[in-house]
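Subject: Structure for you to look at

Hello,

Here is the structure I said I would pass on. My notes on what turned up follow below it.

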Amino acid sequence: MEFIEGRNGGKLKKRQHGDPPNTGAGRPKSKTIIEEIINRFKFAGCSNFYISVNYKEKMIKNHLTETDIENVSLNYFKEDSPLGTAGSLSLLKGKIESTFFVSNCDILIEQDLSEIYEYHQNNKN
């Protein structure tokens, strides 16, 4: 399972400022950073996502509802006041019973996520 933090509406910016505009036949659709992160975790075998929302909550939910991300469960939870990454984890107490990832939605992890998972499993982290 994963917990992905997505409070800041800026997380919906295109993943690279140099992406070509989405025009012309055959040109791939640009993805937002949060879409790219979800797809990378999905490729590593993750299917349940908990997304912390606050600022621009409706925009984030609407955008992810309109994407073509398939075979994942997107679960949203809202902080009454900003708690920070570790603080917002407390809101998931009792909902996650297995190993999970925590990621901010303004970075892309370039390392193989399966290797990270295996390392922590082998070291009982």
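Which residues does Leu 64 touch, not counting residues up to four places away in sequence? Taking contact as heavy atoms within 4.5 Å, Leu 64 touches Ile 34, Glu 35, Ile 38, Ile 51, Ile 69, Leu 74 and Tyr 76.

On provenance: this is a predicted model, in which local features need pLDDT of at least 70 and side-chain atom pairs count only at pLDDT 80 or more, while totals for chains, interfaces and linings use all residues. Residues are numbered from 1 along each chain as its sequence is written, and side-chain values use heavy atoms, with hydrogens and water left out.

Helices (DSSP runs of H or I, at least four residues) and strands (runs of E, at least two) are numbered from the N terminus. Buried means under 20% relative accessible area and exposed over 50%, with partly exposed in between (1.4 Å probe, protein chains only).

In helix α2, the buried residues are Glu 57, Ile 60 and Leu 64. They sit on the same side of α2 because they cover an arc of only 70° around the axis, taken from the directions from the helix axis to the C-beta atoms. These residues pack against α1, β2 and β3. The face turned away carries the exposed Lys 58 and Thr 65.

Strand β2 is largely enclosed by the rest of the structure, because 5 of its 6 residues are buried. β2 pairs with β3 (residues 73-78) in the parallel sense over 6 bridges; pairing requires at least two DSSP bridges. Phe 49 stands opposite Leu 74 in β3.

Regards
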